[in-house]
Amino acid sequence: MIGFDNIPQIYVVMGDTDLRKGIDGYAAIVQEELHRSPLDHSMYIFCNKQHNKIKCLYFDGTGFWLLYKRLEKGTFKWKISADGNVIQITHQQLNWLLEGLKMEQKTAFKEVHAKYV
């Protein structure tokens, strides 16, 4: 069974991806466009143009996982970046993304300022 906490690196592939591909198609994108190895035990996340579907490619050492999630309402808060075609995110950011939140939350709690001197 796959556990997200055991994945060493998680990468979001920026921009829109045709999600009709299979494992070999996404592995080719990772290798040819991102210049990374699809066998490096990292998870690569792809999103469609409407931002309501994502696919995750992950190699666990024995084989590939291709995870797919489709939202019935709303969209994923997909970050569009001009800095490159892939960004690394944390496990917390992955959880935020899957829960429909922005990946770049500032803090979980508001800072408290002391009123007493």
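A nonpolar core is a set of buried Ala, Val, Leu, Ile, Met, Phe, Trp, Tyr and Cys residues joined through side-chain atoms within 4.5 Å. In that definition, buried means under 20% relative accessible area, while exposed means over 50% and partly exposed lies in between (1.4 Å probe, protein chains only). The structure discussed here is a predicted model, in which local features need pLDDT of at least 70 and side-chain atom pairs count only at pLDDT 80 or more, whereas totals for chains, interfaces and linings use all residues. Residues are numbered from 1 along each chain as its sequence is written, and side-chain values use heavy atoms, with hydrogens and water left out.

The protein contains two helices and five strands; helices (H or I, at least four residues) and strands (E, at least two) are DSSP runs, numbered from the N terminus. Read from the N terminus, the order of these elements is β-α-β-β-β-β-α. Of the 117 residues in the protein, 34% are buried.

The largest nonpolar core has 17 residues, and those with the most contacts inside it are I10, V12, M43, I45, I54, W78 and I89. Two or more residues of this core come from each of β1 (10–13), β2, β3 and α2 (91–98). A second, separate core of twelve residues includes Y11, I29, V30 and L34.

Contact here means heavy atoms within 4.5 Å. Leaving aside neighbours within four places in sequence, W78 is in contact with residues including V12, I45, I54 and L97. The C-alpha atoms of W78 and K102 are separated by 7.5 Å, although these residues are 24 apart along the chain. V12, in turn, touches I45, W78 and I89, among others, when residues up to four places away in sequence are not counted.

Helix α1 comprises residues 23–33, and its buried residues are Y26, A27, I29 and V30. Seen down the axis of α1, these residues fall within an arc of 155°, so they line one face of the helix; the arc is that of the directions from the helix axis to the C-beta atoms. An α-helix has 3.6 residues a turn, so residues three or four places apart point the same way. The buried residues of α1 pack against β2 (43–47), β3 (53–59) and β4 (64–70). On the other side of α1, D24, Q31, E32 and E33 are exposed. After α1 comes H35, whose phi is positive, near 55°.
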